[in-house]
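Walk through this model one chain at a time. Begin at a single residue, then widen the view.

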Amino acid sequence: MSLPLLSARLGKRQAALEYKWMKRATSPIPLDQMLARRVAGEPLQYILAEQPFGPLTIKTRPPVLIPRPETEHWTIRLAELLHPTATPARPLSVLDLGTGTGCIPLLLCHLLPAGSVRAYGVDISPDAVNLAAENAALCGLSAPADPSRNSFQPIQASFLDPNFPHLNLGVAPPFDLITSNPPYISWPEYVRLPPSVSHYEDPKALFGGPDGLDFYHAIAALVARNDFLNPGAVVVVEVGDGQADSVQRIFKATAQMNTEIWLDPWKKMRTVIARPGI
Amino acid sequence: MSSPEDILRLKQLKETEPIQEAWDNWISTREALRETTTLLDDPELRSMASEEYAMLTESLTEIVKTRFPAILVPPSRTAHLSALMELKSGVGGSEASLFLGEMLRMYLRLAPASGWKADVVASNELDVGGTRDAVVEFKGPGAYDALQWESGVHRVQRVPATEQSGRMHTSTVAVVVLPLVEDSEAHKEELYSMDDIKIEVMRSKGAGGQHVNKTESAVRLTHIPTGISVAMQDERSQHQNRRRAFQVLSSRLMQVKLTREMEERRASRRNLVKSADRSDKIRTYNYAQERVTDHRIGLSLRNLTSVMEADGLQEFVSAIKRDHEESQMEDMLQEE
């Protein structure tokens, strides 16, 4: 009975696809309940409790931010960029800021050569840290008894804290790679978000301050500290529609870094890559 | 270490093994027959010997009629390839889609019996039942060689379950079987250059990123030089749809390449081999008569239920393969 309702909500084509995915799912939830939840506006990724991300399957659970296709795209590109030089002889020390499900460091660990990545992720939300730890275990990348394998370890902390990273936190600079998909939605945009986002996903993972740029200022200040980055390090951040230029300026002004912009598959300026200036 | 020349020689030697085996088999069988013949005059052993005699004569005939000719057939260049099968319902509306669903099950059942792994990569199921179209992967050596002859239009004649008046309908399903090309192989065969591929992603306008969480993962690839275009939307991620689309594109381009190579070989021959056009009607499934007919080889069998529900399809697959080998031999003889 819910399928026509779903069609009315999503359009016939999208409804048919989603119906098929729900039917195919291994979830213990009955199909009619899944349909009813979808019709009520819940994101499909929460109903199915997982989302493919590159070749990985990432577990999803409210309110932790659902991995987006744009993030998948730039993470794969980043892995391709790092792949030629990544080696277990000198593992990359990676820090993901606001790690959420852990999707970014997990995909890097999966795509880069065994033993070439030691990744850490911090998040202020215990929900996110727990989920990221579950995902690390599911991907076989939990930290790190065996140095011949890649590992990812999520840690609960606020990277806005002036003392971050605290002593004994279990993660310490210098880093070779900083990644982040920080909250970047501004106030005026926040109030116009579709309910499937604003009613279900964590505001702490979405809202980036009045102009959406608060976290870029914080990240730039963090990486500008002495000995936070190794020589040759790379900082990669996802940005919202129309923010790329501002974010470039922040990294140039605060951290004297050289920057580059990557487009997403829809030709939007989506990712800012910053490297320490000479 | 063996040199490339050594490897080539070893390969040639390996390829002659079946000839030696067949010849040894022929010699030993003939010797056994000779010995048996002498026993036919022995009154005590006669009945046993005559039984043996009939059996050995049959073996010799089999060797001459089947094994020796089979050696002459050049080894297939595509023997190692897996297959990608596309099924599309043609005329007949929802009845064609219902039959497509049944054909899909028929082919899926063939896979384990043949040692292949089958995987439905994409399918469009209809609310009213049946499947409008589907793409299936058959992984395993020999899959392409066996299934390539399934390409063409399959026709079903029956009274649809949905038909109230009991009137007979004729519907069609078009099947295309392509060689399945793995990522590594696509690169080796130089099927395309990334510069020639246009990648389009489909999505309604908007900010993207954190602003939306709708699953919009459809991808379309276009190979500009040939105009071949592949759209994929069955998977939930961009990445998966992209991979699938590249795989289908590689298979299509591989097919183009194989066809071109075959035509080049043919052009050097005097006669034309009968060509299999995709628009040709190749087989009819007639439910009223419980009959399946393959129009290319004129084979009709009253085993429709076995074809659809058990292992009857294998008979057709083998018969067509045999026919192909025979026509290859005829070609070789003509070339003399």
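**A residue on a helix, then the whole**

Glu102(B) counts as partly exposed, because 15 other C-beta atoms lie within 10 Å; a buried residue would need 20 or more, and an exposed one 12 or fewer. The model is predicted. Glu102(B) sits in helix α3 of chain B. Along the chain, Glu102(B) and Thr131(B) are 29 residues apart, yet 9.0 Å separates their C-alpha atoms.

What surrounds that helix? Start with the sheet. Chain B has an open sheet of 8 strands, in the order β2-β3-β1-β5-β4-β9-β10-β11, and its pairing is mixed. The edges are held by β2 (117–125) and β11 (299–301) of chain B. Each has a single partner strand, so one side of each lacks a neighbour in the sheet. From one strand to the next, the twist averages 15 degrees.

Inside this sheet, strand β1 (residues 82–89) of chain B runs antiparallel to strand β5 (residues 169–180) of chain B, and 8 bridges join them. One residue pair to locate is Leu87(B) with its bridge partner in β5(B), Val175(B). Helix α3 (residues 93–114) of chain B packs on the sheet. The helix touches β1, β2, β3 (131–139), β4 (152–158) and β5 of chain B. Its direction makes about 10 degrees with that of β3(B).

Chain B also has an open sheet of 3 strands, ordered β6-β7-β8, with antiparallel pairing. Here β6 (197–201) and β8 (228–232) of chain B are the edge strands. Each pairs with a single strand, so one side of each has no neighbour in the sheet. Neighbouring strands are turned by 15 degrees against each other on average, direction ignored. Between β6(B) and strand β7 (residues 219–223) of chain B, which run antiparallel, there are 5 bridges. Ile199(B) has Leu221(B) as its bridge partner in β7(B).

Now take chain B as a whole. It has 8 helices and 11 strands. Is chain B compact or spread out? Its radius of gyration is 26 Å, well over the 20 Å that the globule rule gives for 336 residues, so chain B is more spread out than a compact globule. Along its principal axes, the C-alpha trace of chain B spans about 95 × 70 × 40 Å. Of its 336 residues, 27% count as buried. Among contacts in chain B between residues at least 6 apart in sequence, 61% join residues at least 24 apart.

The domain assignment divides chain B into domain 1 (4–72) and domain 2 (186–202 + 218–267). Their C-alpha centres lie 48 Å apart.

Turn to chain A. It has 12 helices and 9 strands. Its radius of gyration is 19 Å, close to the 19 Å that the globule rule gives for 278 residues, so chain A is as compact as a globular protein of that length. The C-alpha atoms of chain A fill a box of roughly 65 × 45 × 35 Å along the principal axes. Of the 278 residues of chain A, 50% count as buried. Contacts in chain A with a separation of 6 or more come in 66% of cases from residues 24 or more positions apart.

For chain A, the assignment gives domain 1 (1–40) and domain 2 (45–276). The centres of these two domains, taken over C-alpha atoms, are separated by 31 Å.

Some backbone details in chain A deserve a look. Most residues other than glycine have a negative phi, and most peptide bonds are trans. Where does chain A have a cis peptide bond? One joins Pro62(A) and Pro63(A), with omega about 5 degrees. Pro63(A) is in the loop between β2 (56–59) and α5 (69–82) of chain A. A cis peptide bond also joins Pro173(A) and Pro174(A), again with omega about 5 degrees. Pro174(A) lies in the loop between β5 (151–156) and β6 (175–180) of chain A.

Next come the phi values. Ala49(A) is not a glycine, but its phi is positive, about 65 degrees. Ala49(A) lies in the loop between α4 (44–48) and β1 (50–53) of chain A. Gln256(A), also not a glycine, has a positive phi of about 50 degrees. Its loop runs between α12 (244–255) and β8 (257–263) of chain A.

Finally, bring the chains together. The contact takes 34 residues from chain A and 18 residues from chain B. On the chain B side, helix α6 (residues 238–267) gives the most, with 3 residues. By class, that side has 3 nonpolar, 12 polar and 3 charged residues.

Notes
Residues are numbered from 1 along each chain as its sequence is written. Chains are lettered from A and ligands numbered from 1 in the order in which they are written. This is a predicted model: local features need pLDDT of at least 70, side-chain atom pairs count only at pLDDT 80 or more; totals for chains, interfaces and linings use all residues. Helices (H or I, at least four residues) and strands (E, at least two) are DSSP runs, numbered from the N terminus. The radius of gyration is taken over C-alpha atoms; the globule rule is 2.2 Å times the number of residues to the power 0.38. Two residues are in contact if their C-beta atoms, placed from the backbone, lie within 7 Å. Ala, Val, Leu, Ile, Met, Phe, Trp, Tyr, Cys and Pro count as nonpolar, Asp, Glu, Lys and Arg as charged, and the others, Gly among them, as polar. Two strands pair if DSSP finds at least two bridges between them. Axes are lines fitted to C-alpha atoms, for helices over the stretch in contact, and angles run from 0 to 180 degrees between N-to-C directions. Domain bounds come from an automatic or database domain assignment.
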